[in-house]
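Q: I'd like to learn how to read a protein structure, one feature at a time. Can we go through this one together?

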Amino acid sequence: MKLADKLNEAGKGQIPFHMPGHKRASFAHLEGINYHIDFTETPDSDDLHHPSGLLLESQKTLSELFGTVRSYYSVNGSTGCILAAIRAVTASGQKALIARNCHKSVFNACALCSLETAYLFPEVGEDGIYLSVEEKELEKRLRKEGNVALVVITSPTYEGVLSDITALSDICHAHGALLMVDEAHGAHLGFYDPQIRSATACGADLVVQSFHKTLPAFTQTAVLHLCSDRVDEELLSEQMAIFQSSSPSYLLLSSLDGCVSFLKENGGCFVRWRNAVTKARVRLAALNKLRLFEGEGGYLYDQSKILILTDRAGITGQDLYDRLYEKGIVCEMAAYNSLLAMTGAGDCEGSLEALADALIAVDGELTEGILPMPPHTRREPNVLIALHACHRKKRERIPLTDAVGRICAASVYLYPPGSPLLLPGEEITQEIVSLLERYENVGISVNGIADGIAVLCEEG
Ligand SMILES: Cc1ncc(COP(=O)(O)O)c(C=O)c1O
């Protein structure tokens, strides 16, 4: 069967609570984006890497909308923006302070740019969910590390928890560091909920947003915002051209251009989406064994994320995922004790009612129970070799059980969310091995340990 046929078939019977944010619903600006407008650079189509016509104008509109110095389109997701931005603002050997729950692209960028890395550990709530980056913790780490060139944090997180960007950016700047905010999951923020401002308006120097995650734009589309005069614009433009195709897709660019006009017009879509989510949240607040996460303990919470905690029902997030899948509801992420139903601009009252109906039905089938929480492993790793220094060192793959005490050679992470459990150069401890085994035993697939784990070869 052809992939397109398979997807067309699946699409008919399922309600998506995953990306992309248009949810395969009809949006006027996406209609008509097909092979007829699959162009390359011509006098009519402008050039993403040297824009002087429509693409320049469209990106200016984007910049005005978010009040930035300059904004860029990406056809290589937030991944491309993150690689480009980190390369543009750092030099080999400089130090970056990275929140450990950042996406793997941030760590990849640090390795590619030969940066020294230090990590920030946001608090983890009692439900096992990463909370906000705290000002005290940032201040302490910046003092301890000294000479940090760049701080990178994720806000909102995959689960929707925000940090206080205004306070964090003041601290970074007082220490001479730039702040980049990975807002991949928050492109919709100020539109969906006028009370929550984008990091672009809160003092961050660089902000990355995946338009495709929550807005009506095609998969792979994202934007990079330059928000301060602390960054060299020319270097940033140069790196955006390096980390993107020299033949960017006009189908993707057209969806970005259309999405920016859609945001500017700001019709009733966001109000409808929010009202539908609010209604569903009210119903879900009454769940008995499953629980609706309300952002407890975070600075602010993006209510558009529907995160269901499963531990008091004695089941894993994957178990709940499977039960919903059988009912035609396909969610974004199953974690150990939670499940994320990601809503987006393409959602409507009908899809949210169906989600709430399905969750209430599953809740009714469950009995109370306790899912034992895994040991708390989110603590400082023992870094034996710098991340960037591991590249091309001799490695071997060995069974996980034999790996305690060895040095990790390739990242190990759950996807989604794609934040590392282990990075190259870190000691593999008994604690982390037990956690990885626990994940595998409950059917959560861990990337990087399919055929054993990659470790650096011991010298001599
Ligand atoms: C927090 C975060 N940042 C960045 C990315 C990369 O985004 P993209 O898929 O647009 O490249 C992801 C992907 O899921 C993510 O979760």
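Q: Where does proline 20 lie?
A: A word on the model and its numbering to start. This is a predicted model, in which local features need pLDDT of at least 70 and side-chain atom pairs count only at pLDDT 80 or more, while totals for chains, interfaces and linings use all residues. Residues are numbered from 1 along each chain as its sequence is written. Helices (H or I, at least four residues) and strands (E, at least two) are DSSP runs, numbered from the N terminus. Now, proline 20 sits in the loop between β1 (15-17) and α2 (54-66).

Q: Which kind of peptide bond leads from methionine 19 to proline 20, cis or trans?
A: Most peptide bonds are trans, and most residues other than glycine have a negative phi. Here the bond is cis, with omega near -5°. Serine 155 and proline 156 are also joined by a cis bond, with omega about 0°; proline 156 is in the loop between β5 (148-154) and β6 (161-162). As for phi, look at asparagine 147: not a glycine, yet its phi is positive, about 50°. You'll find asparagine 147 in the loop between α5 and β5.

Q: What is the order of the seven strands in the open sheet?
A: Strands of a sheet pair through backbone hydrogen bonds, either parallel or antiparallel. Two strands count as paired if DSSP finds at least two bridges between them. In this open sheet the order is β2-β9-β8-β7-β5-β3-β4, and the pairing is mixed. At the edges are β2 (70-74) and β4 (116-120), each pairing on one side only. Zoom in on β7 (residues 178-182) and β8 (residues 206-209): they run parallel, joined by three bridges. Aspartate 182 stands opposite valine 208 in β8.

Q: How do the axes of α5 and α6 cross?
A: Axes are lines fitted to C-alpha atoms, for helices over the stretch in contact, and angles run from 0 to 180 degrees between N-to-C directions. The axes of α5 (residues 135-145) and α6 (residues 165-174) come within 10 Å and cross at roughly 15°. Angles under 35 degrees count as roughly parallel, over 145 as roughly antiparallel, 65 to 115 as roughly perpendicular and the rest as oblique, so α5 and α6 are roughly parallel to each other.

Q: Why does the ligand lie between domain 1 and domain 3?
A: Because domain 1 (35-265) and domain 3 (387-456) both give residues to the shell around the ligand; the domain bounds come from an automatic or database domain assignment. Helix α3 (residues 77-89) gives the largest share of that shell, three residues.
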